[in-house]
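Subject: Structure handover

Hello,

Here is the structure I said I would pass on. My notes on what was found follow below it.

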Amino acid sequence: MAKLVLVSSLVVVGIALTCNAATYMVGDNSGWDISTDLDTWAQSKKFVVGDLLLFQYSSSHSLEEVKKEDFDSCNTTNVARTFTNGNTTVPLTEPGTRYFVCGNQLHCLGGMKLHVNVEDNQANPPIGAPQAQPAGGTLTQPSSKSNNPASVIPTSAGSVYGGRDCIVMVFLGFVATMFWAVQV
């Protein structure tokens, strides 16, 4: 019974930790493509641990994760991971810089490469905590994320579940796992 309660608690904690995750569709409607200005796309985003990058691309492209040196030189022979399915989701699991290139070296040299700086999500204020207002203005929501649970469209507007919705999800998850634990 103690093991069951521990597992249930871990599930609830897992739900709580992912409540502020966002899904970014790389390149927005253009996707992972040589015609997309990926540098400009990434500049307006703040990536944190727990977010997801969704790469959508045609069969003439691939996605490769590389080191900085290989990113800078578009070296596609020394890759950490290769994806070719045309619909790749990459979880951002730890802080640091991640580097992605198209497996076609000519496409990479043409600008089809992306680096993202992933920040630690511990910098986010606790759920429900007041946020400071900028001097002389109002707090604006970044355009790259949305707190509207109805917007589950996979674009770089993202899908963010936070605040009251997150608390409700965690509470319901806790109640469900406790009910399940009593039944077993």
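Two strands count as paired if DSSP finds at least two bridges between them. Please keep in mind that this is a predicted model.

With that rule, Gln56 stands opposite Asn87 in E6. The strands E3 and E6 run antiparallel and are joined by five bridges. They belong to an open sheet of three strands, in the order E1-E3-E6, where the pairing is mixed. Strand E1 (23–25) and strand E6 (87–91) are the edge strands, each pairing on one side only. From one strand to the next, the twist averages 20°.

In soluble globular proteins, nonpolar side chains tend to be buried together. Here the largest nonpolar core has 22 residues, and those that touch the most other members are Trp32, Leu53, Phe55 and Leu114. Helix H2 (38–43), strand E3 (52–56) and strand E8 (113–119) are the elements giving two or more residues to this core. Leu114, leaving aside its neighbours within four places in sequence, is in contact with Val26, Trp32, Leu38, Trp41, Ala42, Phe55, Phe71, Arg98, Tyr99 and Phe100. Another core lies apart from the largest one; it has six residues, including Phe71, Cys74, Val101 and Cys108.

The aromatic side chains come next. There are five aromatic pairs. Trp32 and Phe55 make an edge-to-face pair, because their ring centres are 5.2 Å apart and their planes stand at 85°, where over 60 degrees is what edge-to-face requires. This pair links distant parts of the chain, with Trp32 in the loop between E1 and H2 and Phe55 in strand E3, 23 residues apart. Both Trp32 and Phe55 are buried. Phe55 also forms an aromatic pair with Phe100, a tilted one, at 5.2 Å centre to centre and 50° between the planes. Phe100 is in strand E7 (residues 96–101), 45 residues apart from Phe55, and Phe100 is buried as well. Separately, one aromatic cluster is formed by Tyr24, Trp41 and Phe47.

Last, a histidine pair. His107 is in helix H4 (residues 105–109). Is His107 buried or exposed? His107 counts as buried because its relative accessibility is 17%, and the cut-off for buried is under 20%. The side chains of His107 and His61 are joined by a polar contact of 3.0 Å. Beyond its neighbours within four places in sequence, His107 is in contact with Ile34, Ser60, His61, Cys102 and Met112.

Regards

Terms used: Residues numbered from 1 in each chain as written. Predicted model: local features only at pLDDT ≥ 70, side-chain atom pairs only at ≥ 80, totals over all residues. Heavy atoms only, no water. Helix = DSSP H or I, 4+ residues; strand = E, 2+ residues; numbered from the N terminus. Buried < 20%, exposed > 50% of the residue type's maximum accessible area, 1.4 Å probe, protein only. Polar contact = N/O pair within 3.5 Å; in protein donor to acceptor, adjacent residues only side chain to side chain. Contact = heavy atoms within 4.5 Å. Core = buried A, V, L, I, M, F, W, Y, C linked by side-chain atoms within 4.5 Å. Axes fitted to C-alpha atoms, helices over the stretch in contact; angles between N-to-C directions. Phe/Tyr/Trp six-rings, centres within 6.5 Å; stacked < 30°, edge-to-face > 60°.
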